[in-house]
Amino acid sequence: MLALMGGGAYAMYRSGQLASLPFLGAPGQSATPVIAAPNAPSVTTPETAPTQQSAAAGVNTVEAQFLKSPLWSLLRREFPEWYNGKIAAVRTQTVEGKAPKEITSNMLREVVILRRQQSGPALAASSPRLRAIASAFVDNLNRLKQHSTAACYGFISQGETSPTVMNAGSTEIQVGIDAQLRAIFEAVAEGRKSPLKHDSPRREDYDVLTAELAKRGWNTADLQMFANAKALERAPPEKVCQMVNDWFSAQLAVKDSATQTRLLSEALKPIVAG
């Protein structure tokens, strides 16, 4: 598993090594992200060259489908120049006769890149926005776990570009990932306008988190495993899926808002920037 820095565990805090918590892998560059995408209409394949009139109609239809997407509407408002450039690419690819699935994948790959670039503003958003991202992430883990352990584990280790997520063929999963991206970019929009500086988690914050994890059956060995990249790599995929789910669910269950915000602002780094 490709490790990403971000977050921490109580055991690491106690040992003075609260520097990194590996559990989310950096998305593979060769994979194609499957994020909830507008359902692009059928276009003529390269084997049957479209006429100029049909090509223009295809361009208009594809672009209209992107405009219907809540995610792309948000991106259009917040990043107009970026959006115009991507829609221009949609037009070009449509005229070239590329398949709708390929066009959608190309555009969504760009969304993932933009998400990483905007991680700073996203993490500078308010507590409700951070909670929304974490909630969307947990919802996605639950959906993927219901589909298959492989899909859940693939999402944790490779993000949206995981082949198991890409090949899941589930509209519900795609819609869930789309919702997570919207939550992130809504946080980006807020963080760009009114950035907040969140404090790092404190020792007592991890005491609270440990208590919440204990309610979910965690013990010292679990904490040590979660803080150890190699141990986590050797763990069964279903164990990893459950632990990552517990890690964020426990933080969402923390009642004190300030404590929760400090924890989430750290734990969300790999989700937003990875």
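A crossing of two helices is right-handed if the near helix is turned clockwise from the far one by less than a right angle, and left-handed if the turn is anticlockwise. In this predicted model, helix 4 and helix 5 cross in the right-handed sense.

## Overall content

The chain contains 16 helices and zero strands. Of its 274 residues, 51% count as buried. Among contacts between residues at least 6 apart in sequence, 74% join residues at least 24 apart.

## Packing around helix 5

Two packed helices are described by the angle between their axes and the distance between the axes. The table gives these values for two pairs that share helix 5 (residues 100-117).

| Helix pair | Angle between axes | Distance between axes |
|---|---|---|
| Helix 4 and helix 5 | about 160° | 10 Å |
| Helix 3 and helix 5 | about 55° | 13 Å |

Helix 4 and helix 5 pack at about 160°. Angles over 145 degrees count as roughly antiparallel, and helix 4 is therefore roughly antiparallel to helix 5. On the helix 4 side, the contact is made by Trp-82, Lys-86, Ala-89, Val-90, Gln-93 and Thr-94. Helix 5 contributes Glu-102, Ile-103, Asn-106, Met-107, Glu-110, Val-111 and Leu-114. By class, the contact of helix 4 with helix 5 has seven nonpolar, three polar and three charged residues.

Helix 3 and helix 5 pack at about 55°, and the two are therefore oblique to each other. The crossing of helix 3 with helix 5 is left-handed. Leu-71, Trp-72 and Leu-75 of helix 3 meet Met-107, Leu-108, Val-111 and Leu-114 of helix 5. The residues of this contact comprise seven nonpolar, no polar and no charged.

## Aromatic pairs

A search of the whole structure finds eight aromatic pairs. In one of them, the ring centres of Phe-79 and Phe-185 lie 6.3 Å apart with the planes at 80°, so the pair is edge-to-face. Phe-79 sits in the loop between helix 3 (70-78) and helix 4 (80-95), while Phe-185 belongs to helix 10 (residues 171-193). The two residues are 106 residues apart, and their pair links distant parts of the chain. Both Phe-79 and Phe-185 are buried.

Trp-218 and Phe-226 form another edge-to-face pair, at 5.5 Å centre to centre and with 65° between the planes. Trp-218 has a relative accessible area of 10% and is buried. Phe-226 also counts as buried, at 0% relative accessibility. Elsewhere, ring pairs link Trp-72, Trp-82 and Tyr-83 into a cluster.

Buried means under 20% relative accessible area, so Gln-118 counts as buried at 16%.

Seven of the 10 residues of helix 8 (residues 149-158) are buried, so helix 8 is largely enclosed by the rest of the structure. The buried residues are Ala-151, Cys-152, Tyr-153, Gly-154, Phe-155, Ile-156 and Ser-157. Just after helix 8, Gly-159 takes a positive phi of about 70°.

Two of these buried residues, Tyr-153 and Ile-156, are in contact with Val-240, which lies in helix 14 (residues 237-252). Val-240 counts as buried, with a relative accessibility of 0%. The C-alpha atoms of Val-240 and Tyr-153 are separated by 7.2 Å, although the residues are 87 residues apart along the chain. Beyond its neighbours within four places in sequence, Val-240 also has contacts with Leu-232 and Ala-235.

Ala-235 is placed in the loop between helix 13 (229-234) and helix 14. With a relative accessible area of 8%, Ala-235 is buried. Apart from neighbours within four places in sequence, Ala-235 is in contact with Met-225 and Val-240. Met-225 is 10 residues from Ala-235 along the chain, and their C-alpha atoms are separated by 8.5 Å.

Definitions and conventions: Residues numbered from 1 in each chain as written. Predicted model: local features only at pLDDT ≥ 70, side-chain atom pairs only at ≥ 80, totals over all residues. Heavy atoms only, no water. Buried < 20%, exposed > 50% of the residue type's maximum accessible area, 1.4 Å probe, protein only. Helix = DSSP H or I, 4+ residues; strand = E, 2+ residues; numbered from the N terminus. Phe/Tyr/Trp six-rings, centres within 6.5 Å; stacked < 30°, edge-to-face > 60°. Contact = heavy atoms within 4.5 Å. Axes fitted to C-alpha atoms, helices over the stretch in contact; angles between N-to-C directions. Parallel < 35°, antiparallel > 145°, perpendicular 65-115°, else oblique. Nonpolar A, V, L, I, M, F, W, Y, C, P; charged D, E, K, R; others polar.
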